[in-house]
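I opened my notebook to look up a few things in this model. Here are the entries, in the order I made them.

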Amino acid sequence: MKKALGLLLAALLAFAGYWLWRGSGSTEPASTAPASSPVIASSAAPLAPGWPQGDALRVTLKPDPGAVSLTKALYRDGDAVLEQRWPDGSTERWWYPPSAPSRYVGRDGREALAGVEVAP
């Protein structure tokens with residue numbers, strides 16, 4: 001009985017050692033998910049007057065099918081701006097201010113305020 005218990009303990013220790021050794025020597029990333037970029041370079045097109053700009057926490061999200069990228073910027077005062085880029089160079093933007101109606105700028109450059117179109 002002691003011999004069987006000793007063999008079982010040795011096998012468990014060997015397995016644990018192999019598992020730790022295999023995990024520590026790996027040079028590949030732990031997940032295959034795309035790495036998110038916390039910082040984004042300047043926007044391709046300037047934002048309309050009044051839109052938040054400056055320092056923000058920026059994260060990369062999964063874009064819509066066919067889009068190149070989707071980023072979300074969170075500003076200190078509570079504003080959130082989403083920007084989606086397309087292969088043709090156009091962008092879509094959504095602005096969600098904390099205490100005002102949301103705004104949207106389409107790929108054609110037209111701006112809409114909570115469902116009402118605003119001149120470009």
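I call a residue buried under 20% relative accessible area, exposed over 50% and partly exposed in between (1.4 Å probe, protein chains only). By that rule R107 is partly exposed, with a relative accessible area of 39%.

Ground rules next. I am working with a predicted model, where local features need pLDDT of at least 70, side-chain atom pairs count only at pLDDT 80 or more, and totals for chains, interfaces and linings use all residues. Residues are numbered from 1 along each chain as its sequence is written, and side-chain values use heavy atoms, with hydrogens and water left out.

**Entry: salt bridges**

I looked for a side-chain nitrogen of Lys or Arg within 4 Å of a carboxyl oxygen of Asp or Glu, and there are five such salt bridges. R107 meets D88 at 3.2 Å, N to O. That pair links distant parts of the chain, with D88 in the loop between β3 and β4 and R107 in the loop between β5 and β6 (111-113), 19 residues apart. Strands here are DSSP runs (E, at least two residues) and helices are too (H or I, at least four), numbered from the N terminus. D88 counts as exposed, at 57% relative accessibility.

R93 and E83 meet at 2.8 Å, N to O. R93 is in strand β4 and E83 in strand β3 (residues 80-85), so this pair ties together parts ten residues apart in sequence. Buried or exposed, I wondered, is R93? It counts as buried, at 4% relative accessibility, and E83 is buried as well, at 8%.

D108 and R110 form another bridge, at 3.9 Å, N to O.

**Entry: aromatic pairs**

I paired rings of Phe, Tyr and Trp (its six-membered ring) with centres within 6.5 Å; planes under 30 degrees apart are stacked, over 60 edge-to-face, and the rest tilted. The count comes to two pairs. W51 and W95 have ring centres 5.4 Å apart and planes at 40°, so the pair is tilted. Both W51 and W95 are buried. W94 and Y104 are tilted too, with 5.4 Å centre to centre and 45° between the planes.

**Entry: core**

Which residues make up the largest nonpolar core? I found six: W51, A73, Y75, V81, W95 and V105. A core here is a set of buried Ala, Val, Leu, Ile, Met, Phe, Trp, Tyr and Cys residues joined through side-chain atoms within 4.5 Å.
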